[in-house]
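Subject: Structure handover

Hello,

Here is the structure I promised to pass on. Please open it alongside this message.

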Amino acid sequence: CKGFFTKTFPAFGHTGSGYNRAVSALMSLALVPSADGVTISYPLVLISKGNLPPALNAAAAATAAGNIQFTWTDNTGTGTSKKNDKAVLVAYFPATNEVVYSFGAGTRASGNAVLETVNREGQAAETWIGYLSDDEKDAACSVYTGHVIL
């Protein structure tokens with residue numbers, strides 16, 4: 001997990017590890033008061049953060065094969081975005097506290113990619129997409145792509 005956040009939360013002159021930056025973002029943005037005390041607001045969770053433009057019109061849906069299909073609009077050329085920015089796909093399964101992710105299953109220009117989620121039929125997942133630059137030195141703020149039931 002720490003290696004994941006080292007890539008998806010680049011330093012940009014900040015001190016500390018990517019993992020620490022990710023935990024800080026989670027605690028300051030996604031933990032919200034609830035009747036039970038504090039809960040995680042999945043739409044506010046960031047799985048990546050950086051200066052690249054985020055995914056546009058991003059969505060996720062279950063496939064017939066039991067995987068998750070991510071789609072987005074190619075916004076290559078917006079700001080510093082490039083066609084070969086790598087898609088970072090993430091699915092979190094709250095019932096089992098497990099995460100499945102992929103770096104580079106698709107690119108910004110491809111507009112879609114599949115995250116393989118083997119043997120998870122019937123399970124619910126919270127999903128996100130982010131981007132990494134091809135050299136993995138920059139990232140985009142992730143976008144929550146919704147609750148998916150496989």
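First, the ground rules. This is a predicted model: local features need pLDDT of at least 70, side-chain atom pairs count only at pLDDT 80 or more, and totals for chains, interfaces and linings use all residues. Residues are numbered from 1 along each chain as its sequence is written, and side-chain values use heavy atoms, leaving out hydrogens and water.

The sheet

Strands here are DSSP runs (E, at least two residues), numbered from the N terminus. Two of them pair if DSSP finds at least two bridges between them. Three strands form an open sheet in the order β3-β4-β7. The pairing is antiparallel. At the edges are β3 (56–62) and β7 (112–115), each of which pairs on one side only. From one strand to the next, the twist averages 20 degrees. The angles are taken between N-to-C directions, from 0 to 180 degrees, with axes fitted as lines to C-alpha atoms. Four bridges join β4 (residues 68–73) to β7 in the antiparallel sense.

Two loop residues

Asn97 has a positive phi, near 55 degrees, and is a residue other than glycine. Look for Asn97 in the loop between β5 (86–93) and β6 (98–107). Accessibility is given as relative accessible area: buried is under 20%, exposed is over 50%, and partly exposed is in between (1.4 Å probe, protein chains only). Asn97 counts as exposed because its relative accessibility is 57%.

Glu136 also has a positive phi. The value is near 60 degrees, again in a residue other than glycine. Glu136 lies in the loop between β8 (124–132) and β9 (143–149). At 25% relative accessibility, Glu136 is partly exposed.

A buried serine

Ser102 sits in strand β6. Its relative accessible area is 17%, so Ser102 is buried. What does Ser102 touch, leaving aside neighbours within four places in sequence? Its contacts (heavy atoms within 4.5 Å) are Ala87, Val88, Leu89 and Leu115.

Aromatic rings

Rings of Phe, Tyr and Trp (its six-membered ring) pair if their centres lie within 6.5 Å; planes under 30 degrees apart are stacked, over 60 edge-to-face, and the rest tilted. The count comes to five aromatic pairs. One of them is Tyr42 with Tyr92. Their ring centres are 6.0 Å apart and their planes stand at 45 degrees, so the pair is tilted. This pair links distant parts of the chain, 50 residues apart. Tyr42 is in the loop between β2 (37–40) and β3, while Tyr92 is in strand β5. Tyr42 is partly exposed at 22%, whereas Tyr92 is buried at 18%.

Tyr101 and Phe103 make an edge-to-face pair, because their planes are at 70 degrees, with centres 5.5 Å apart. Tyr101 is partly exposed, at 41%. Phe103 is partly exposed too, at 26%. Ring pairs also link Tyr42, Tyr92, Trp128 and Tyr144 into a cluster.

Charges over rings

A charge sits over a ring if NZ of Lys or CZ of Arg is within 6 Å of the ring centre and within 35 degrees of the ring normal. Arg108 has its charged end over the ring of Tyr131, 3.8 Å from the centre. Arg120 lies over the face of Phe93, at 4.4 Å from the ring centre.

Best wishes
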